[in-house]
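Biologist: I would like to learn how to read a ligand site. Could you take me through one, step by step?

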Amino acid sequence: MIYIFCAPSGSGKSTMVKHLLTMHPDLFELSVSCTTRAPRGEEVHGREYYFISVEEFQKRIENDDFIEFEQVYDGLYYGTLKEEIDRIEAAGRQVLFDVDVKGGLNLKRILGDKATSIFICPPSIEELRRRLEGRGDTSPEMIEKRLAKAEYEMSFQPQFDKVVVNDDLTHAFEQLDAIIEDK
Ligand code: ADP
Ligand code: 5GP
């Protein structure tokens, strides 16, 4: 099974993915995407993302290397490499994707029953703002961009296989564990 995690930025996708990777390090592995944005905080090339230039990203589009890619924010590209699925499955692990809502729905359409799409829902837009500000690694301008997009992204929630409301963290982990155990 492949799990696709989607949510407005700041809702807790990374937190959910990290929980699964910590609880089951031999079972799951995160697909590392390419991005043209700069690394934030402690991010490392090849771990959180492959941080590449716009020129290199264009080259990889021309080579047909991506299963999907999006311009998620103005001028910033993100893309899922086809070779990531092969790499992780060859290692005997299940793939986790952390992608934006459009990319997630595209992946689900391509992968069909092989994948479960999971929408991580924030308790409210106000709480989403608090979390983005609290994370302390995103500029005020980018926070406004992400919040402006969040309400639009929330409207896609009914198209996902599963929804996890990330209010209380322990409760969110329980909902997620139940989804995984069900498969
Ligand atoms: P995303 O990957 O969706 O952008 P993150 O997982 O980075 O979101 O979470 C955004 C911020 O909110 C982080 O600082 C994280 O520690 C915090 N956070 C995540 N889940 C909760 C929760 N249930 N309650 C409070 N804070 C949370
Ligand atoms: P961030 O800059 O906060 O790491 O990510 C911004 C958004 O881009 C998040 O919603 C994240 O899930 C999404 N994203 C990351 N990688 C990909 C990808 O390969 N494809 C798509 N479509 N979105 C991605």
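Modeller: Strand S5 gives the most to the shell around ligand 2, with four residues, a strand being a DSSP run (E, at least two residues; helices are H or I, at least four) numbered from the N terminus. This is a predicted model, in which local features need pLDDT of at least 70, side-chain atom pairs count only at pLDDT 80 or more, and totals for chains, interfaces and linings use all residues. Residues are numbered from 1 along each chain as its sequence is written, chains are lettered from A and ligands numbered from 1 in the order in which they are written, and side-chain values use heavy atoms, with hydrogens and water left out.

Biologist: How many residues surround ligand 2, and which are the closest?

Modeller: A residue is near a molecule if one of its heavy atoms lies within 4 Å of it. Here 17 residues surround ligand 2, with Ser33, Arg37, Tyr49, Glu68 and Tyr78 the closest.

Biologist: Which atom of ligand 2 does a polar side-chain atom of Tyr49 approach?

Modeller: A polar contact with a ligand is a pair of N or O atoms within 3.5 Å. A polar side-chain atom of Tyr49 lies 2.5 Å from an oxygen atom of ligand 2, one of Lys13 lies 2.9 Å from an oxygen atom, and one of Asp100 lies 2.8 Å from a nitrogen atom.

Biologist: Which domains supply the shell around ligand 2?

Modeller: Domain bounds come from an automatic or database assignment; domain 1 (1-27 + 93-183) and domain 2 (32-92) each give at least three residues to this shell.

Key
A polar contact is a pair of N or O atoms within 3.5 Å; within protein, one must be able to donate a hydrogen and the other to accept it, and residues adjacent in sequence count only if both atoms are side-chain atoms.
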